[in-house]
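Visitor: I have not looked at this one before. Can you walk me through it?

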Amino acid sequence: LVAEADRAGTSLARVVPGETFELLRVEADRTVWRERRPDAPERSAPPGRFQATNAATAVAAVRLLADRGFPVAEEAIAQGLAAARLPGRVERMPTARGVPRILLDGAHNPQKVGALATDLDRLLPRAEGGRRLLVLGVVEAKAHAAVAAVIAPRVDAIVVTSPSVLGKPGLPADA
């Protein structure tokens, strides 16, 4: 990547947890992080530590724009981050009183499922004596065994289904 950036005559911005930004905490409804620069404010991202990396990457891109003569006001950065969301990625579904909490996530490869699994206890805590149930459907082209292996230790039961995704055959549930 560094060599390609040099060939293209551009710079490369690295975004590295613990180096260019710090993850402060993961909560059920947000992730709090801060750039590693003097007087950087705490910022919120959607829930999940990977969302802090996404947000820090967006801010790094904005900082590069400013370096190239396209400044973006800090207030606009804050507003953009506050409005950011990824539908279907660590999305809490509304439920009625007494109905179990539901977390929808469209993670579709072992890395994305691993990112979800890392924070699952914070994102979807078990109620006293409660169980965590996973409904899992995988399309044929994905590494279903690896996906299941990553998430299975974090749940109490799995209901397997064959998803219906436009243009992508679903893996049969029995597979």
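Guide: What follows is a short tour by question and reply. Keep in mind that this is a predicted model.

Visitor: Fine. How many helices and strands does the protein chain have?

Guide: The protein chain has 5 helices and 7 strands. In sequence order the pattern is α-β-β-β-α-α-β-β-α-β-α-β.

Visitor: And what box do the C-alpha atoms fill?

Guide: Along the principal axes, the C-alpha atoms of the protein chain take up a box of roughly 55 × 40 × 25 Å.

Visitor: What share of the residues is buried?

Guide: Of the 175 residues in the protein chain, 28% are buried. As for contacts with a separation of 6 or more, 47% are between residues 24 or more positions apart.

Visitor: On to helix packing. At what angle do helix 4 and helix 5 pack?

Guide: Helix 4, residues 110-123, and helix 5, residues 144-151, pack at about 10°, and their axes are 9 Å apart. The two helices are therefore roughly parallel to each other, as angles under 35 degrees are counted that way.

Visitor: Which residues make that contact?

Guide: From helix 4 they are Pro110, Val113, Gly114, Leu116, Ala117 and Leu120, and from helix 5 they are Ala146, Val147, Val150 and Ile151. By class, the contact has 9 nonpolar residues, 1 polar residue and no charged ones.

Visitor: What about the second largest pocket, what is its volume?

Guide: The second largest pocket has a volume of about 240 Å³. Its lining is made of 17 residues, with Asp29, Pro46, Pro47, Ala84 and Arg85 nearest its centre. Strand 3, helix 3 (74-83) and strand 4 (91-93) each give two or more residues to this lining. By class, the lining of the second largest pocket has 9 nonpolar, 2 polar and 6 charged residues.

Visitor: Let's do single residues. Where does Gly48 lie?

Guide: Gly48 is in the loop between strand 3 (43-45) and helix 2 (49-67).

Visitor: Buried or exposed?

Guide: Gly48 is buried: its relative accessible area is 0%, and the cut-off for buried is under 20%.

Visitor: What is Gly48 in contact with?

Guide: Setting aside neighbours within four places in sequence, Gly48 is in contact with Val26, Thr31, Asp119 and Leu123. For another distance, Gly48 and Gln111 are 63 residues apart in sequence, with 13 Å between their C-alpha atoms.

Visitor: And Val155, where is that?

Guide: Val155 is in the loop between helix 5 and strand 7 (157-161). Its relative accessibility is 12%, so Val155 counts as buried.

Visitor: Which residues does Val155 touch?

Guide: Not counting residues up to four places away in sequence, Val155 touches Leu120, Arg126, Arg132 and Leu134. Leu120 also belongs to the contact of helix 4 with helix 5.

Visitor: Last topic, backbone angles. What is the phi of Asp39?

Guide: Asp39 has a positive phi of about 60°, although it is not a glycine. Asp39 lies in the loop between strand 2 (31-35) and strand 3.

Visitor: Is Asp39 buried or exposed?

Guide: Asp39 is exposed, with a relative accessible area of 80%.

Visitor: And what is the phi of Val90?

Guide: Phi of Val90 is near 50°, again a positive value in a residue other than glycine. Val90 is in the loop between helix 3 and strand 4. At 7% relative accessibility Val90 counts as buried, whereas Asp39 is exposed.

Methods: Residues are numbered from 1 along each chain as its sequence is written. This is a predicted model: local features need pLDDT of at least 70, side-chain atom pairs count only at pLDDT 80 or more; totals for chains, interfaces and linings use all residues. Side-chain values use heavy atoms; hydrogens and water are left out. Axes are lines fitted to C-alpha atoms, for helices over the stretch in contact, and angles run from 0 to 180 degrees between N-to-C directions. Helices (H or I, at least four residues) and strands (E, at least two) are DSSP runs, numbered from the N terminus. Angles under 35 degrees count as roughly parallel, over 145 as roughly antiparallel, 65 to 115 as roughly perpendicular and the rest as oblique. Contact means heavy atoms within 4.5 Å. Ala, Val, Leu, Ile, Met, Phe, Trp, Tyr, Cys and Pro count as nonpolar, Asp, Glu, Lys and Arg as charged, and the others, Gly among them, as polar. Buried means under 20% relative accessible area, exposed over 50%, partly exposed in between (1.4 Å probe, protein chains only). On a 1 Å grid over the protein atoms alone, a cavity is a set of points where a 1.4 Å probe fits but cannot get out, and a pocket is an open set with protein on both sides within 12 Å along at least five of seven lines; lining residues have an atom within 4 Å of a point. Grid points are joined across faces, edges and corners, and a volume is the space filled by probe spheres set on the points.
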